[in-house]
Amino acid sequence: MNLNEIKDLMAQFDQSSLREFSYKNGTDELQFSKNEARMASEAPTQVVPAPAAVAASPVVSAPSTPVDSPVEEAPAPAKTTVAPEGDVVESPLVGVAYLAAGPDKPAFVTVGDSVKKGQTLVIIEAMKVMNEIPAPKDGVVTEILVSNEEMVEFGKGLVRIK
């Protein structure tokens with residue numbers, strides 16, 4: 001994509017009612033957002049400013065590897081001994097996942113906990129707003145798929161409930 005195409009997309013996005021827009025094509029990746037979310041785990045990237053704080057950035061594959069690796073390594077022992085059971089609760093938005101209400105507070109849930117429908121499993125901070133992610137059903141937590149303060153994408157698995 002050339003700069004003029006990016007500018008045209010940004011202008012159309014700015015005039016639309018959309019709050020976020022993502023585009024991926026081979027090595028190109030664009031992310032537009034009218035939200036003020038901080039991306040704590042990203043490395044510095046080239047940013048093209050727009051009138052409504054819209055940003056376009058190139059694909060940066062290096063940060064995704066370290067972020068994903070600890071998540072895949074942590075549950076590996078459980079996966080080798082027991083097949084994952086239950087339904088995955090996915091992230092409904094992009095943000096930073098918190099497993100507890102504060103640094104000195106206990107975790108909302110741990111593996112083996114019984115949960116009731118509507119009980120808070122995780123908090124996702126997006127645009128400096130804390131969004132509680134509730135349990136969709138009664139059950140038992142069989143796996144926690146994210147670590148505290150991890151940047152999560154839309155649709156990323158957070159917790160598995162059986």
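The structure is a predicted model, in which local features need pLDDT of at least 70, side-chain atom pairs count only at pLDDT 80 or more, and totals for chains, interfaces and linings use all residues. Residues are numbered from 1 along each chain as its sequence is written, and side-chain values use heavy atoms, with hydrogens and water left out.

The chain contains 3 helices and 10 strands, where helices (H or I, at least four residues) and strands (E, at least two) are DSSP runs numbered from the N terminus. Their order along the sequence is α-β-β-α-α-β-β-β-β-β-β-β-β. Of the 162 residues, 30% are buried (buried, under 20% relative accessible area; exposed, over 50%; partly exposed, in between; 1.4 Å probe, protein chains only).

Pro 92 lies in the loop that runs between strand E3 (87-90) and strand E4 (95-98). Pro 92 is partly exposed, its relative accessible area being 46%. When residues up to four places away in sequence are not counted, Pro 92 touches Ile 124, Ile 133 and Phe 154 (contact, heavy atoms within 4.5 Å). Between Pro 92 and Asn 131, which are 39 residues apart in sequence, the C-alpha to C-alpha distance is 9.7 Å.

Among contacts in the chain between residues at least 6 apart in sequence, 56% join residues at least 24 apart.
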